[in-house]
Amino acid sequence: MGYVDEVIDLVVKKNPAEPEFHQAVKEVLESLRAVVEANEEKYRREALLERLVEPDRQIKFRVPWVDDQGKVQVNTGYRVQFNNAIGPYKGGIRLHPSVNLSIIKFLGFEQIFKNSLTGLPIGGGKGGSDFDPKGKSDREILAFCASFITELYKYIGADVDVPAGDIGTGAREIGYMYGQFKKITGSYEGVFTGKGLTYGGSLARTEATGYGLLYLTQEMLKYNGEEIKGKTVAISGGGNVAIYAAEKAQQLGAKVVTVSDSNGWVYDPEGIDLASLKEIKEVNRARLTEYKKYRPNSEYHEGRGVWTVKCDIALPCATQNELFIEDAKALVANGCIAVAEGANMPTTLEATQYLQEHGVLFAPGKAANAGGVSTSALEMTQNSERLSWTFEEVDAKLQQIMVNIFHNMENAADRYHAKGNYVIGANIAGFEKVANAMMVQGIW
């Protein structure tokens with residue numbers, strides 16, 4: 001049994017009932033097999049992979065809060081600080097009923113390599129809670145956020161661990177969390193990103209993940225002799241990433257025909273109307289069933305089905321494991337030429353392999369959706385300098401970062417005789433930087 005297989009087995013044995021974490025580790029380590037085998041003796045001696053898959057620390061805590069009826073509710077909070085070899089831990093806070101330790105660990109592990117790919121000095125971490133902000137009043141959300149930070153503040157700081165938003169954690173939640181941190185510590189520092197523009201936030205942060213996804217997709221197509229202009233795009237999700245991916249795709253001349261949420265999906269053959277989508281999701285916080293009121297010629301379908309629509313480019317922007325093998329087969333049959341992940345690990349391993357085997361250009365999430373954390377790191381830089389950059393400055397830096405990420409992963413794949421396999425390329429490019437930092441810093 002090789003070193004990679006031994007460590008995958010070890011992870012499964014040491015972390016039972018954590019399927020998402022197992023999946024993330026297997027996907028990364030399998031793709032690192034060539035580089036690991038080339039350095040196996042050194043890596044084994046240093047137990048490099050064992051250290052890589054074991055978080056620096058896993059923090060799990062109680063979050064009690066009082067609802068509007070005066071009843072005490074109790075949720076579970078998490079922060080997994082995975083690896084800070086190249087910089088302070090950096091990763092979002094996810095608020096969703098599905099959150100558990102496995103999901104937080106998978107996200108934190110992925111974040112190590114995603115953050116490394118940006119070329120910026122940030123390590124990997126992630127946090128969250130099984131609290132559901134949907135249907136809660138502003139006062140209830142404030143009560144939860146204050147309680148959450150009353151415990152978490154002990155473990156975070158501008159040079160230690162810098163959380164950000166994620167599913168369920170938007171500008172409102174970040175504001176409440178930052179306010180509680182400042183109240184407890186008396187310190188005004190850049191300990192959160194995704195802050196409001198009036199208190200240290202960055203222009204272009206809202207748009208960053210969606211825009212970055214399209215910048216990398218555009219570069220991948222260009223490198224492979226294609227262009228995005230005139231292409232039909234299918235997008236899943238109806239949140240921040242999906243909305244701004246759709247906006248940038250349209251700006252680049254593509255036609256976006258689908259979006260979705262947890263209840264169903266919309267097909268608009270004339271192209272998704274962004275103004276309507278933003279009003280439904282960002283202003284009214286409503287479901288996509290409302291879309292047909294704005295666009296009578298559109299179709300609304302319950303359940304899943306986005307990937308059955310004929311498209312040139314597919315951008316999964318909703319959540320993990322949403323694009324299955326049957327979806328991959330439908331995309332290939334309909335002539336899809338590229339899939340780029342706007343969410344974290346939205347495509348199953350089986351579906352990823354099928355797409356690659358059938359010549360579909362595939363950009364993994366740790367590269368394709370790195371625009372959000374890249375701009376968060378740019379926010380950290382602005383906070384350190386006590387400066388605010390223009391939207392154009394941030395957007396230009398973001399675009400260059402995403403172009404560099406594509407070429408770094410393309411180069412890494414080529415060096416290890418896997419040309420065109422951007423999953424392998426992204427993982428190797430991210431891993432090499434972290435591995436080198438871990439090796440030269442000694443055993444810790």
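How many residues lie between strand 1 and strand 2 in the hairpin that they form? In this predicted model, five residues separate the two strands of the hairpin, and Gly-70 in the turn has a positive phi of about 80°.

The pairing of these strands may be followed in detail. Strands of a sheet pair through backbone hydrogen bonds, either parallel or antiparallel. Strand 1 (residues 57–66) and strand 2 (residues 72–83) take the antiparallel sense, with ten bridges between them. Within this pair, Ile-59 has Arg-79 of strand 2 as its bridge partner. Strand 2 is also joined to strand 4 (residues 123–129) by six bridges, and these two strands run antiparallel. Here Gln-81 stands opposite Gly-125 of strand 4.

Strand 6 (residues 232–236) and strand 10 (residues 313–316) pair in the parallel sense over four bridges, and Val-233 stands opposite Ile-313 in strand 10.

Arg-44 belongs to helix 4 (residues 40–45). Arg-44 counts as partly exposed because its relative accessibility is 34%, which falls between the limits of 20% for buried and 50% for exposed. Although Arg-44 and Tyr-3 are 41 residues apart in sequence, their C-alpha atoms are 7.4 Å apart in space. Leaving aside residues up to four places away in sequence, Arg-44 touches Met-1, Gly-2, Tyr-3 and Glu-6.

How values were computed: Residues numbered from 1 in each chain as written. Predicted model: local features only at pLDDT ≥ 70, side-chain atom pairs only at ≥ 80, totals over all residues. Heavy atoms only, no water. Pairing = 2+ DSSP bridges. Buried < 20%, exposed > 50% of the residue type's maximum accessible area, 1.4 Å probe, protein only. Contact = heavy atoms within 4.5 Å.
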